Structures are given as structure tokens and as C-alpha cells.
Amino acid sequence: MRCSWSMAILLVALGIAGAVPAAASAHPLGNFTVNRYSRIEPAGDGVRVFYVLDMAEIPTVQERARMDADGDGRISDAEAEQAATRLADEVDAMLQLTLNGRPATLRVERRALAFPPGQADLPTLRLEAVYRAELPAGATGPIGLVYRDENSPSRIGWREVVARPGAPGTELRDASVPATDASDELRAYPNDLLASPLDVREARLAFVPGLAPGREVAPSGGVVQRVNDAYTALAAARDLSPPAIALSLLVAAALGAVHALSPGHGKTIVAAYLVGSNGTARHAAFLGATVTATHTAGVFALGLVTLCLSELILPERLYPFLEVGSGLLVVGLGTGLFVGRARAALAGRAPHHHHGHGHHDHAHDDHGDVHHHHDHVHGHSHHGYSHAPPPGGVSLRSLLALGVSGGLLPCPTALVVLLGAIALGRVAFGVLLVVAFSIGLAAVLVGLGLALVYARRLFERVEVGAGPLWRLAPVASALAIALAGVAITAQALPQAL
Amino acid sequence: MTPWQRAGAALALAVVLGAAVEVLGPSARRAEPVPGLSGAVVGGPAVPLPRTDRSIADLQGRLRANGDDRGAQTSLGLLYLQKARETADPAYYPKAEGVLRQALASAPEDPDTLVGLGVLALARHDFAGGLALGERAARASPRKSAAYGIVTDANVELGRYDEAIAAAQRMVDIRPDQSSYARASYLRELHGDVDGAIEMMQAAVDADAPGREGTEWARVQLGNLYFNAGQIDSAESTYRLSLAFLPDYFQAKAGLARAAAARGDYDQAIRLYSEATQVAPLPDLVAQLVDVYHAAGRENDAAQAQALLRAEEKLYAANGVDTDLEMALFDADHDVDAAGAAQRLQRVWQQRRSVHVADALAWATFKAGDCRAAEGYAREALRLGTRDALMLYHAGRIAACLGQVGRARALLDDVLRTNPRFSVRYASDAAVLRDQLAGEGGTVR
Amino acid sequence: MLRLRVLTRTALLLALVTVLVLPPWAQVGDAASHREAPAISMDPEADITDFFMFRSYEPGKGDKLILIMDVIPGEEPSSGPNYWNFDPNVLYSFEIDNDGDGKANDVSFEFSFTTELRGEVTALKLPLSYLGDADAPDKLPPITKLDGPGSEGLGLRQKYSVTMVKGNDRTVIADGLIAVPSNVGPRTMPDYDALAAQGIYNLDLPGGGGRVFAGQRDDPFYIDLGATFDTLNFRRNPPLLTMAEDANDGAVDAQWFNPFGVDMLSGFNVNTIALEVPMSLIRRAGQPKIGAYASTARRNVHVIRRDGGPVDSGRFIQVQRLANPLINEVIIGTQDKDAWNAVDPQDEAQFLDYYLNPRLALALQLVFGVPAATSNRTDLRDALLKYAPTDTQLSELLRLDTTVPPTPLANQHRLGPLAHDAAGNPTPDPAGWPNGRRPKDDVTDVAVRLVGGPNYIQALAGDGVNFNDKPLTTSFPFLASPHNGRNRVHQNP
């Protein structure tokens with residue numbers, strides 16, 4: 001939600017909200033298509049066919065009219081259940097499987113029906129079904145298999161058939177179809193300008209079944225993410241001219257910035273920290289760099305997980321864990337600060353004690369790099385406090401922790417951009433976009449921090465900040481940080497479990 | 001080393017040089033069809049669709065070997081557009097746009113590429129953009145027939161008929177062929193010259209091999225001309241012929257469905273419309289299906305088909321397409337927010353003053369209750385003298401509403417003379433109203 | 001679940017924003033309903049694939065001039081039910097220059113066709129154009145005649161007229177002649193050659209007799225089209241013939257196989273118009289050289305008819321012309337093809353640059369890395385556009401020196417002036433292209449060598465296809481009988 005809000009804001013800001021269709025998640029192959037996918041998995045206990053039927057908006061409307069038995073314009077759970085059964089049977093009726101030249105009967109084992117949202121608030125339809133046929137009795141040696149999908153022959157759409165062993169011991173020979181998907185089970189239609197939509201309706205192969213039973217193929221329930229094909233389609237169709245690249249990067253940065261403005265993302269924490277400590281421009285810059293680096297790395301890591309380990313881990317399952325991690329980090333940070341500052345405050349040594357002119361000047365003279373800054377922080381702390389961490393000062397470690405917590409949670413948008421770019425073979429461009437996004441994100445956090453730092457100095461000049469209340473501010477801010485961390489953790493925990 | 005020994009070594013490298021392909025590729029003798037090079041291209045057997053596929057596969061292969069082959073990019077783009085015409089599958093449009101834009105990047109004024117992009121612009125109803133592209137292509141290659149085809153089509157849709165005639169005349173002067181004849185036919189039809197339009201569309205049909213998508217498209221248009229002239233039997237046999245040459249051609253099926261509906265054979269019409277809309281659920285076909293369901297008394301089915309139309313309307317809007325005329329007419333017919341339809345059409349009318357926009361606007365305005373304003377648009381719709389029974393009927397109803405008995409009667413006479421079975425929905429209504437006017441001479445609301 | 005939707009939508013919006021420079025691509029709207037007439041038509045019936053002109057090499061007929069044009073490229077023999085026909089709306093013509101001024105306006109022969117539906121096909125209302133059963137002739141007589149009994153199954157029949165035009169003088173020299181239908185198959189047309197022979201008509205002409213034929217023939221052109229199209233990716237690298245291979249003309253004794261190429265046009269047919277006329281009818285005293293081209297034209301129309309005007313009254317506009325082979329395909333640039341086809345050959349000067357700087361030479365040089373003569377090709381200009389280098393009029397005509405005696409088919413060399421024997425000794429055949437053009441001439445190899453220049457001539461470059469897939473005949477109309485629709489094959493001969 002946070003992301004979409006930021007998008008909306010940006011759209012309005014750019015004045016193009018009217019020009020861009022709302023939520024235009026059009027079916028990538030057009031609104032007319034009916035797309036079909038079969039994966040043939042022979043094994044020791046039979047031949048399974050994992051079948052996916054993906055209907056775009058218009059055929060879905062036609063199909064839902066058939067499902068709506070009571071004509072109330074809604075598909076009740078019962079109606080959907082009936083429809084799933086009927087659709088799975090209808091598909092089955094038009095599937096032809098022969099084993100060793102004899103027709104084999106495919107029976108429905110499981111099926112699941114869902115209506116992923118499409119364009120213009122219209123639903124699309126996704127049916128996943130698993131069919132199984134028995135092996136021919138007493139067959140020895142390789143079994144010849146011919147499979148044909150005769151469903152809706154004249155309807156336009158993507159048609160794909162793949163075949164792979166259904167169990168470790170099974171061996172396929174001379175398969176006329178590939179073992180790997182081109183479309184990720186109709187979730188991501190490649191937009192190769194040099195490839196026509198796939199139109200494979202038939203498979204021929206021979207297999208030695210082996211002894212092991214086939215792995216269970218479970219329909220995912222259909223509500224599967226549709227990788228953002230409109231993005232890939234649009235991006236793929238265009239040349240990346242330098243102005244277009246520049247514009248894209250700017251837009252990405254702006255999105256990052258707006259994203260940071262949305263609730264969350266540790267702005268309050270950053271603010272609290274910088275108010276509570278002797279934050280300077282350099283601290284803010286360091287913080288920004290940390291957020292950028294963490295966020296970029298996080299996106300890449302998650303991208304990697306999505307690409308390589310998606311069989312084992314669903315990326316969306318990772319989010320709650322990341323949030324919990326981020327929250328705990330903040331709790332730790334806040335608690336540490338609180339303990340330190342509370343001690344200091346109790347000891348009557350106000351953290352802002354150090355904010356003298358000298359320091360101010362120092363901050364301005366300070367033109368070194370981060371390491372230099374590091375030295376400076378250390379030198380500073382040695383000044384008055386022999387034990388780290390300095391309750392009111394800035395410690396590198398806490399700064400780092402803060403930055404990490406701010407950047408740890410990758411924005412899904414950035415992730416999809418990266419994946420889209422990889423799908424397009426434009427990895428470098430995707431990386432650039434993500435970096436630009438992260439920079440935009442960090443810039444806002446840093447900008448806010450700086451604004452606070454300078455605002456605070458202003459207060460100090462006019463002597464508003466004196467008094468017990470102001471002296472307690474660092475302690476309060478540390479407490480706020482810790483509480484924010486608790487809140488984040490608490491919010492994310494139920495989803496993670 | 002002799003030159004030829006050196007050549008052997010250099011060959012592998014040299015093959016990637018795009019210029020060579022550009023020189024030989026698109027123009028090689030009797031190559032697979034490379035649209036845009038009219039005249040120098042292959043003709044062929046009466047089974048055209050696999051040929052398009054073969055050519056696409058061939059060019060895809062060439063581009064995989066050499067991604068910079070601009071000539072192949074342009075040809076592939078044009079073939080994708082042809083494929084989209086043949087299948088009604090919009091998935092080919094982004095592909096076409098992609099390769100054409102790549103081609104344009106390396107040769108910004110290539111007339112074939114510009115023609116391809118012009119076709120694309122027209123397909124997505126960007127008529128002004130299409131006009132600009134067509135004119136640009138014509139500037140780049142002033143004697144290129146296809147460029148004037150784009151200019152003609154765009155001007156027709158923008159309601160600039162004199163410019164359209166000039167461009168079509170230029171086109172046919174350069175090259176009298178199916179493409180130019182078909183456009184001449186349409187302009188004659190719009191100007192009320194039905195016989196001349198039929199003659200010209202027949203010439204267009206004869207000017208290319210039967211079974212080609214272009215030929216069968218022209219044949220269906222010929223059938224439509226017969227239908228609109230009230231010659232239902234001729235229309236039907238023309239559609240049948242088209243279906244014989246290009247089996248399952250959805251445009252021919254839709255034509256047959258319309259003829260069946262006109263004959264009152266609703267079951268047959270419903271079956272054929274359903275088949276056609278299974279392949280390509282174009283809004284005008286779905287709208288006609290709704291009317292036939294109503295006529296057959298199948299209200300549930302009508303409601304379902306109407307829901308489909310609603311969905312398509314939303315998709316159009318979501319895709320930023322300006323209001324589709326057929327859908328606006330449908331809304332007005334079914335008294336679905338006629339005022340809203342009129343408002344949307346007003347905006348369209350500001351941009352393009354075609355007789356069809358005027359007609360839809362007149363009807364929606366009439367349905368919204370403003371007969372006075374509707375009359376002005378109805379006159380605009382008939383300004384070319386188009387003999388279209390539905391347009392004449394709209395004007396007649398509006399005239400009747402204003403109490404212009406003489407004009408209304410004359411218009412309705414014209415309707416019944418032109419095609420007494422012009423509409424499942426209104427044909428009998430027209431006859432009744434005509435008789436009423438003849439008898440009473442009063443105002444009819 | 002929520003997150004998933006968020007992911008998709010937001011990403012989409014980002015995508016749209018990222019590319020906001022361009023309007024969103026419409027999906028449903030793409031298929032919307034404005035009238036989309038085809039942008040480009042193929043027009044095969046007006047597409048001339050080859051033009052031949054030569055002194056007849058039929059024994060005892062050396063005083064005749066032969067003109068042949070082929071139309072409709074790549075006729076698939078099995079393309080029923082209508083197969084292949086001439087277009088009644090196209091005017092086919094040969095245009096001849098006999099006074100050496102480079103203007104082919106001295107003599108022309110025009111052919112126009114009509115189509116009729118008749119016989120059994122009409123009676124039975126079958127959607128078939130040709131019917132006949134050689135196995136049950138009582139029930140369904142096979143097509144053995146073009147007219148009268150035996151022609152009942154010839155449901156779609158074309159007739160044509162031949163008009164000779166000399167200046168303002170128009171003479172219809174024949175009318176009501178019947179074009180030979182496509183070769184459907186042995187059941188319908190049990191003796192196609194006998195049927196086709198009926199389509200050779202004698203003409204009574206001033207200066208002696210002549211003959212005319214219109215109908216289907218085997219496509220005589222031979223080329224490795226696929227290899228040529230694939231960036232000159234010939235099947236030998238580099239694409240050079242040995243001396244012996246190059247000398248192989250497919251004569252009586254020769255091994256009947258191509259050195260390395262594949263004839264991509266094997267198994268395809270064309271529609272042919274062939275005309276034999278007395279040389280004396282064409283030639284003018286003191287002018288041994290003639291020039292000619294083949295032309296197809298369609299009627300222009302007024303887009304908007306004037307009131308009361310006839311439905312269709314426009315003059316004919318040339319839609320294609322052909323004189324020398326491969327000019328339109330490899331010399332003229334894409335953007336000028338429509339224009340080039342429409343103008344008369346005498347206005348060729350505007351395209352001179354294409355001849356002086358041939359793109360084919362550039363292509364050869366680029367692909368093979370062997371220097372070719374790419375610029376200032378006055379030799380090509382003089383050979384293709386002039387009778388003599390001193391001429392100032394530039395016309396793209398196929399030219400024939402009528403004083404050169406014809407070579408009998410058995411002795412013809414495919415390389416014409418460049419021919420040699422297996423030992424490399426020149427054996428020029430002066431009666432071959434570019435002096436006129438015969439079906440035998442290997443215009444691909446000659447063109448590659450002439451355009452490429454000395455390096456290509458000496459090295460014997462070529463596409464590796466030396467013969468047509470069907471043997472040519474020694475008598476009018478000189479092209480081989482077409483492949484039949486039932487048993488057609490496309491294979492490497």
C-alpha cells in the first residue's frame with residue numbers, strides 16, 4: 001500500500017494522472033486471449049499433466065456469465081467451486097493422451113480456480129488442474145506418449161506444452177517439447193520482439209517410468225503474481241535512448257523519494273535519532289549512504305532469491321521476516337540509546353552539553369570522507385566520555401544500524417523493476433534504476449535529517465532549547481525509537497508466523 | 001593470398017554487416033512477401049496464412065543472426081501488422097511497434113517504416129498521428145503508393161474528405177491496385193455512389209489472389225455494400241465465397257450472421273455471431289449480437305452479451321481509446337446514459353468531424369432529448385449524401401421529432417428504398433413510422 | 001495476497017511512468033472498427049517474373065522473334081480450387097523500340113483476358129473450377145479439349161485477345177483465343193500436354209505466320225533464392241565454381257546436377273504469355289537492333305465519379321515493367337520501386353545513380369570481402385541503358401542484335417558471352433543475355449559477375465544452381481510443361 005500511495009502522489013505531482021490509465025494491469029497478451037499450458041510429468045505411478053488455463057478479461061466475462069448460476073452478478077463460493085469442477089472437466093474432455101498408441105484416460109486429481117484482478121477492475125481467470133493417467137498395464141521398456149490439447153482451437157492465445165520427469169528415476173526420450181517453461185506457468189509471457197506467441201498444442205515423447213511415484217503437483221490456488229508484463233512490453237518496445245534513460249533514472253529517483261515520504265521507512269526514527277544525538281550533515285550523509293546501499297543490496301538479494309530459490313522460498317513470504325528483522329534492529333537500537341541517554345540524563349549531564357560553537361565550526365570545517373568522519377566521532381567521544389556509546393553523541397555503529405533498518409525492507413516496486421529488467425536482458429539498466437530509486441529514497445531521509453539538524457541549531461541559537469524538557473528530548477527520542485521498533489515488529493510478527 | 005582466400009577468412013565477419021542484407025534482402029527476387037515493396041514482391045497460393053508465418057519466422061531468424069538489419073526489422077514489423085490483421089490478435093501490435101521503432105531509430109525517414117508506424121497509429125485510433133506519419137512517408141518518398149493510403153485513411157476518419165479524395169486519387173494515379181481501389185470504393189460509398197463503390201470494390205477483389213486476407217477483406221466489404229443496398233442475397237453469397245476461400249474468416253461469418261438476422265433467421269444469426277465473437281469479440285459484433293438476442297426474445301443471453309460489451313467499454317476507457325462510435329450508438333440505442341454518450345461524442349466531434357461521428361452524436365443527442373441540437377448533427381452526418389439506411393433513419397426520426405413531416409417522410413422513404421432490412425432493431429419501426437407520417441403528418445416522438 | 005496485488009499494480013504504474021514519453025498502448029482498441037483497407041497489395045497477377053526475347057532457335061524458324069512474359073510468382077501447383085489465372089483487369093503488353101531512339105513506342109502487342117464460368121461446374125453448382133474423371137468418363141468426362149466436347153469440366157475458362165499497336169494504328173490480330181488452364185492433375189486432365197498444345201494458336205500476320213500461347217508453364221527461372229536471401233549465404237564458401245562445373249550447361253551428356261546450390265523455384269509454376277512474330281514485322285530497315293520490355297497495367301479511376309460518368313473509364317497505368325532481369329530487385333532502391341515501375345523505360349535517366357553505383361556490387365564486396373566495382377559504372381550504364389556508348393538517350397530495355405544468329409538449344413551456354421569449356425577456353429554464346437534473353441541463360445551468375453567486375457568473373461562466382469528443374473523444350477512456347485497439382489514436388493533436382 002505504501003508504494004501505491006507514493007505512486008499516486010507522484011502521478012498527481014507530475015500532472016499526468018489523467019493520462020495514465022488507472023491500474024492498467026492489462027493482460028499481457030491482450031484482452032481477448034485464452035492461454036493454455038500443460039506440463040507432462042511421467043513417473044512410476046502414472047502420467048500427470050499439470051494444466052493451467054489463463055483467461056484474459058474478455059473471455060473471463062464470458063465465462064463468468066456461465067458460472068453465475070443464480071444470475072446475481074456475483075460468483076459465490078459455491079458457484080466458483082462448481083465452475084472449477086466443470087472447467088477442469090471441460091478441459092479434460094478435449095485433452096487427448098495416448099500411451100503406447102492406446103488412448104489413456106486422464107482423471108482430475110486436483111484443481112483450483114481464482115480470479116486475479118486484471119485491467120479496468122475486471123477479473124481474469126486462472127484455473128490450475130492436475131490430471132493423472134495410469135500407465136499401461138504390464139508395459140515394459142519405454143512407453144510412447146502422444147499428448148494433444150484440442151481445447152478452443154480457433155481462439156487466440158499462448159499455447160505451451162512442456163514435459164519433464166515426474167520422479168527422480170524417470171527418463172524421457174526424444175521429447176518434441178522442451179523441459180523448461182517459456183512463460184513460468186503462464187505467469188510471465190516473454191516479450192521477445194523476435195518471437196511470435198508460442199503455439200504448441202502437441203507433445204510426443206517416449207519415457208521409461210522408473211519405480212518412484214511422481215511428486216505431488218499442487219495447484220497454487222491460482223492467485224499468483226503476474227509479473228509485470230506491461231512494463232516489460234513497454235520497455236522492450238522502446239529504444240533506450242540517452243534521454244529516455246536519463247528520464248527513467250530521474251523518475252526512479254523521484255519514486256524513491258516519494259516512497260520515502262510515505263509512512264514508515266524510519267523517518268520518525270531518523271528524526272528522533274538525529275534530534276537526540278549530535279547529528280551533523282556528515283552523519284546524515286553517512287546515514288543516507290547506508291540506506292541506499294542497504295536498500296540496493298536488499299533488492300538485489302531478494303531478486304536473487306526470487307530468481308534462483310523461488311521453488312523453495314516465496315519472495316512474498318520473506319517480507320514479514322524482513323520487517324520483523326528490521327523492527328528488532330530498531331528496538332535494539334532504541335533500547336541501547338535509551339539506556340545510555342537515560343543514564344546520562346540521570347547523571348545530570350545533558351547530551352546537548354557538547355553543542356557548543358566549537359562543534360558547530362567543526363562540523364563546517366569537516367570535509368573529509370566517511371572514515372575521516374569516523375575518526376572525528378571517536379575523537380569527539382574521547383573528549384568527555386570514556387565509555388562508549390556516548391548517550392547523546394553519534395556512534396558509527398548506531399548510525400549504521402539505523403541506516404540498515406531504514407533500507408532493509410526493499411520496496412516491491414524496485415524489486416519488480418529489477419526483475420523486469422532481467423527478464424528483458426537489460427540487467428545493467430535495471431541495476432541503475434534500482435540504485436536511482438534507492439538514492440531518491442535516501443535523499444529524502446537525509447534531507448529530512450538535515451532539515452532537523454539545522455532547525456535544531458536554529459533553536460539553539462535563539463536559546464529555545466534550554467531547560468529540563470529539552471534536556472530530556474534525547475531520552476524521549478530514544479524511547480520513541482524503541483517503541484517504533486516494537487510497533488514494526490508487532491505488526492510484522494503475525495504475518496511472519 | 002588471393003582475394004578469394006582472404007574472402008573465405010573474412011566471410012564470417014562480413015556476414016554481420018547489415019548493409020549487405022539491406023541491399024539484397026528485402027528486394028531479392030521473388031523473396032517471401034516483403035510488404036512495402038509493392039510490385040517487387042511475391043504473389044502466391046490461395047492459402048496465405050502459413051505464408052505470413054513462414055515469412056515471419058524467416059525474418060525473425062535473420063534478425064537473430066543480425067540484430068541491426070534495418071530492412072528486416074521494417075519487413076518484420078509490417079508482417080506482424082499483417083498477422084494482427086489476419087488473427088485479430090493484438091499481441092502482435094507491441095511487437096510490430098518494437099521492431100519498427102528500432103528500424104526508425106537507424107533510419108528516421110524510411111518510408112516503409114513510416115508506413116508501418118502509420119498503420120499502427122490508425123489501428124489505435126490516433127488519426128492525427130497517423131496523418132502526420134503518412135505525410136512524412138509521402139515527403140520521404142513522394143511516389144510511394146502506400147504512404148497515400150495512410151493519408152487517405154487518416155483524413156477520412158478526421159472528416160477531411162476533400163483531402164482524403166486527393167490522397168486517394170494520388171494513390172490510384174501512382175498504382176491502381178487492390179489497396180487504392182478499396183479506398184476509392186469507400187470514398188465513393190461515403191459520397192452516396194453505391195454502384196460506383198460496388199464496381200470499385202469488385203475491382204479490388206479481382207486485383208489480388210483469392211484467399212489472401214486483403215482480398216477476402218475486400219470481398220466482405222463488397223458483401224457489406226450489397227447488404228447496405230438491400231441486396232441481401234448477393235451479400236450472402238459474397239460472404240459465403242469469402243468463407244470458402246478463407247475458412248473461419250470471422251469478418252465473413254459476421255457478414256453471414258447479419259444477413260441471417262435480416263432474413264429473420266435468428267438462430268442461425270446467433271450461432272454465426274457467437275462463432276465470430278469467439279474469435280474476435282469486436283464491440284460492434286457483440287452489439288449486433290445483443291440486438292439479435294433481443295429480437296429472438298432471449299433476454300438472459302442479451303443481458304450477458306451486454307455485460308460483455310460493458311466490460312469492453314471499460315477496457316477501452318482504461319486503455320485510453322477515445323469513445324468507440326459503435327459503443328456510443330449502442331448506449332444511445334439502449335438508453336444507457338444517452339446524455340453521457342452525447343457528451344463524450346461532443347469531445348470526439350471537436351477533434352474529428354467525420355460523418356460517422358456526426359451520426360452517432362446526432363442519435364445520442366436525440367436520445368438525450370434535444371431534437372433541435374440533434375438535427376444539426378444529423379445534417380452534418382448526411383453532408384456527403386451517404387446512402388446509409390441507419391444514418392438516414394436517425395435523421396428521419398430526428399426530423400419527425402421536430403415535426404418536419406415532409407423531411408421525415410422523405411428520409412424514411414429513402415431508408416426503405418436503400419435497405420428495408422437495414423437493422424434488426426429498427427427496420428420495422430422505420431416502416432411503421434413512415435406509414436404513420438404518410439397518414440397523419442403529425443409530430444412523432 | 002494484498003501485497004501481491006500491490007506489487008503488480010505499483011510496478012505497472014512505475015512502468016507507465018517510466019515510459020510516459022509515449023502514449024499507453026491500447027489493447028482492445030487495437031482491434032477497433034475503423035475501416036482498415038490493406039496497406040499494401042501483392043498483386044501477383046500483375047507481377048512479371050521474367051521477360052524473354054530472342055530469335056527463335058526452333059529448327060527452321062530463325063526468322064521469327066519470340067517474346068515471352070511470365071507472371072504470378074511462385075504458383076503452388078496444388079492451389080485449388082481456382083488455381084491460377086490471368087487478371088481480366090490487367091492489360092499485359094510487350095512494348096518494342098525498333099528505330100533505335102530508345103523509346104519503346106513503335107510496336108506493341110496487348111493481351112486482355114476475360115473469365116467465364118461455364119459447363120458442368122455451373123450446372124452442378126459445385127465450388128470447383130475444374131472437374132473431370134478420367135476413370136469414369138461417362139459420368140464426368142475429363143478435360144481433354146479447350147472447347148466443345150471434352151471441355152465440359154472446364155468450368156473456369158479464360159479467353160483473350162491480341163492487339164497489335166503501331167503508332168495510332170490498332171489491329172486486333174486475334175480474339176476469342178482460350179488460355180490454357182492450370183495443370184490440376186491426371187484425373188481431371190489426363191493428357192495435359194495435349195490439352196496445352198491446343199492453346200498454341202497460329203496467327204496470320206503481315207510478313208508471314210506467327211503463333212501465340214497463354215497459359216500455365218513451369219517457372220523457368222532457377223536460383224538459390226534461400227541462400228541469396230540469407231545474406232548471400234551460398235552453400236560453398238567462397239561461392240566459386242570449378243572450371244568444369246562452370247562449363248556444365250546441362251547439355252545432353254552432362255551430369256544433371258547443380259554444383260552446390262538448391263533451386264528454390266523448382267516445383268513452382270508461372271502463367272506465361274508467349275508470342276512468335278515474323279522478324280520482318282518488327283525490324284526496320286537499317287536498324288539491326290531492337291529493344292523491348294514487358295508491361296502490366298491497370299485502369300486508373302476517378303476516385304469520385306463525375307455525374308453521369310461511366311463507372312470505370314480511367315486510362316491504363318503501368319503497375320509493373322520488366323526488361324533486363326533483376327533490375328527492379330537489386331538495382332532500384334526500395335523507395336523508388338513504385339515510381340520506377342510506373343514510368344516508361346525512356347525516362348530511366350532519373351534512376352541513373354542506381355546503375356552507376358550498384359548496391360549489388362557493394363553487397364558482394366561487403367559479404368565476400370573481395371573488391372567489386374562499386375562506383376562510376378559507366379559500363380553497366382552503357383550495357384543496360386544504351387544501344388551504343390555514344391547514345392545519349394538512356395532507356396532500360398532488353399536489347400537484341402537481330403543479326404546474331406540463334407544458337408540451337410543443345411548448344412546454348414548458360415553464361416552467354418562469358419561461357420567457356422572445361423579447360424577454360426572461351427566458348428562465347430553471343431545469342432544469350434545480355435543480347436536478348438533466353439530461358440536457358442543463367443542471369444544470376446552473369447549478373448553477379450558483370451556487376452561484381454573482373455574479380456568475380458575470373459573466380460567463377462555463382463549461386464551454384466546451373467539448370468532449371470525441368471528440361472526446356474526446343475519448340476514454341478519453349479518453356480516446360482507445368483507441374484501438376486496432385487503430384488507436385490519441390491525438391492532439389
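## Contacts and overall make-up of chain A

In chain A, 81% of the contacts with a separation of 6 or more join residues 24 or more positions apart; a contact means heavy atoms within 4.5 Å. This is a predicted model, in which local features need pLDDT of at least 70, side-chain atom pairs count only at pLDDT 80 or more, and totals for chains, interfaces and linings use all residues. Side-chain values use heavy atoms, with hydrogens and water left out.

Chain A holds 14 helices and 10 strands, taken as DSSP runs numbered from the N terminus (helices H or I, at least four residues; strands E, at least two). Of its 497 residues, 52% are buried, that is, under 20% relative accessible area (1.4 Å probe, protein chains only).

## An open antiparallel sheet

Five strands of chain A form an open antiparallel sheet in the order E4-E3-E7-E10-E9. Its edges are strand E4 (102–104) and strand E9 (171–173), each pairing on one side only; pairing requires at least two DSSP bridges between two strands.

Within chain A, strand E3 (residues 95–99) and strand E7 (residues 143–149) are joined in the antiparallel sense by five bridges. A:Leu95 has A:Asp149 of E7(A) as its bridge partner.

## Nonpolar cores

The largest nonpolar core has 120 residues, and B:Tyr181 is among the members touching the most others. Such a core is a set of buried Ala, Val, Leu, Ile, Met, Phe, Trp, Tyr and Cys residues joined through side-chain atoms within 4.5 Å. Leaving aside neighbours within four places in sequence, B:Tyr181 contacts residues including B:Met200, C:Arg298 and C:Val301. A second, separate core of 117 residues includes C:Ile66 and C:Leu225.

Technical notes: Residues numbered from 1 in each chain as written. Chains lettered and ligands numbered in written order. Buried < 20%, exposed > 50% of the residue type's maximum accessible area, 1.4 Å probe, protein only.
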